[in-house]
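Please consider the following structure with attention to its charged side chains.

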Amino acid sequence: MKRSLSRREVLKLFAALPAGVILPRLIQSSDFSLQSQLPQNVIIVVFDALSAKNISLYGYPRRTMPNLERIAERGIVYHNHYAGGNFTTPGVASLLTGTYPWTHRAIGLGTTIIKAKAQHNLFHAFAGYYRLAYSHNNFVNSLLRQIRDDVDYIKRQKDLFVSNPLAFDRLFPLDNDIASVAWERSVKKGADGYSYSLFLSEIYEKYAQRQMRDLRDLFPRGITRIGEDDYFLLEQAIDWVSLQVSRATRPFIGYFHFLPPHRPYCPRREYVGAFDNDTVGSFEKPKHIFNQSGNENPISLKYQANQRKWYDEFILYADAELGRLYNSLQANGVLENTWFIFTSDHGEMFERGIFGHRTPALFQPVVHIPLVIVPPGQRERRDVYPSTSAVDLLPTLLHITGQPPAEWTEGRILPPFAEPSPERSVYAVEAKYSNPVAPLSPASVMLVKGKYKLTYYFDYEQLRPDASLFELYDLEGDPEELRDLKASEPRVFNWLKEELLEKLWAADLPYRS
Amino acid sequence: MVFMDFSWVAERTTTWDAIGLVAYALLIALLETLGVFIVVALLGLLLPANWASEKRTALVGVLFLILSLWAMIGQLYFVSGYSLPPEILKRLGQSGHPVRILLSILTPLVALSLAMPVWSILRSDKAVRMSRQIFERLTVPSLFYLFFDLLGILIVFIRSMLA
């Protein structure tokens, strides 16, 4: 039999009401710690040339990143995240400035942001933080050097390389950048086959080979390196990051850019052959106009599959080190008040006769990259499916840490920190042979809007006698980008084409005389 | 050769950095020269003590000069972008041992280029005098080289102070 509430019970109920309203909000906000009293730290980990296509978290049949899967269980996974460009310079510049390559104009190999925009960068926006950075990649270091006044500590690239006691540049720590370039050009015979010195290079080579002997057993495909013989160990860099962030002045923001899995694909011994016995293969896609294989020596499917397998093994190795870093940060309590961001600068291709990422093409493998954000204290995974861009990271980081917004950025605050916008436009630009202070030409530009992707290639030699090429794909119905829809969906094509051309025109306007 | 990289560096950083590159390269070159000089001087100790100093100087000097010339030829081969004729390259590739063949051709050539002057110096006073004249003429460009080396050291010092 129902009993009516007593007066005492009613009063208790009314007393509990405010808590019932306020408490969930506190819990929700503490999930993202927006209301936290302590300013929160930020760690950004970038793996170079890591394509979302080759990551098990994004549905790749090989289990290439089990540690990232584990990390993602407490994070936000962005399933349709795009790089700003298809190689390091524009990709990283977009991430650091929150603008697309047609704005920051760091579009050539190893070039820097246009001077007027250089101060519009992540580190400048986090002026109240202790800002530190490290990169294996020379192109990234060019960018970091440009904005060094905004970074409190940039670890010297070579400090985390396998040391060579003969390195003369160590005698000049204050002017190490130029001293190290001069030393290398003097003693190392580069791709051009010569060095400045007549005799020193021979001595250097012999000595360096002896140093490397022990490491060669650990790395059967060669020791991880940049260029010919700048050897490094990912393990050493991971250890340094772990130590550095545990000691860093709080609050800090750290940007750590590791070269793997960028080629050469050199995993540690235990990862070589990890995928030898699986049945994941390749299927033939039509050769693209930008294919790198000649008609005399077409690249076989077998070669293509083998290269991809090596790349996947290298990812597996890098993933193990990512896991080790994450475990270490967790163990020493850094992650309790730190946002952990994992992403890449661009992807890598093994299809259509295109290998790597030095291409005008903007297919999904080179522009679709991972992004996982792990907020402090989050316990459950969330997934975000609307398209997002590397330019969104800067405004998002400012928002989630309570920093003033950056007015210059072309990015948006990422969901779930702001309302998602499924029909927003996301772009990527490739223009490495364009003049940065002139309208882009030749160039490739991409627009992703909803499920559609339009790519526009123009002024390339390979396109002659036509000046341009458009390609339209439905990424939901045709994720492998096999069916060009520009003829069958003229309305969509014209709509997107108009938007893309207008955007390009507006971006080039300051450079039209 | 460093001047080939000057514009590359200046484009990516500043002209002062490009000058710095040249300065460091000159300093490294100076250290290399000193190192070679020490080796050559030590080699001189191996020669019979009863030889006239002129003969010893000529012998060691000529050896050093010829070895340097060969090293320069090696550098110029790459700098100039010169390549052996395609037919020769094809034959070398087909042999299966291209390096051995090249070494077997170059080694006697280098040996001959060393042996002939050495033999001349050992046998002929005229050769000794000719060597001395060559070295005297090389003194002037050496002074220029030393001047630029010292300038390089000064620039390195200034850069370290300003950094």
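In this predicted model, A:Asp312 has a relative accessibility of 0% and therefore counts as buried, the cut-off for that class being under 20%. The partner of A:Asp312 is A:Arg62, and the closest N and O atoms of this salt bridge lie 2.7 Å apart. The two residues belong to distant parts of the chain: A:Arg62 sits in the loop between β1 (41-47) and α2 (66-72) of chain A, whereas A:Asp312 is in helix α10 (residues 301-331), 250 residues apart. A:Arg62 is buried as well, with a relative accessible area of 4%.

A second salt bridge joins the side chains of A:Arg268 and A:Glu235, at 2.4 Å from N to O. Because A:Arg268 lies in the loop between β7 (252-258) and α10 of chain A and A:Glu235 in helix α9 (residues 234-247), the pair ties together parts that are 33 residues apart in sequence. With a relative accessible area of 14%, A:Arg268 is buried; A:Glu235, at 15%, is buried too. Both residues also take part in a network of salt bridges that links A:Glu235, A:Asp239, A:Arg268, A:Glu270, A:Glu321 and A:Arg324.

A further salt bridge is found between the side chains of A:Glu351 and A:Arg352, with an N to O distance of 3.2 Å. Here A:Glu351 counts as buried at 6% relative accessibility, and A:Arg352 counts as buried at 5%.

How many salt bridges does the structure hold over all chains? The total is 32.

Notes: Residues numbered from 1 in each chain as written. Chains lettered and ligands numbered in written order. Predicted model: local features only at pLDDT ≥ 70, side-chain atom pairs only at ≥ 80, totals over all residues. Heavy atoms only, no water. Salt bridge = Lys/Arg side-chain N within 4 Å of Asp/Glu carboxyl O. Helix = DSSP H or I, 4+ residues; strand = E, 2+ residues; numbered from the N terminus. Buried < 20%, exposed > 50% of the residue type's maximum accessible area, 1.4 Å probe, protein only.
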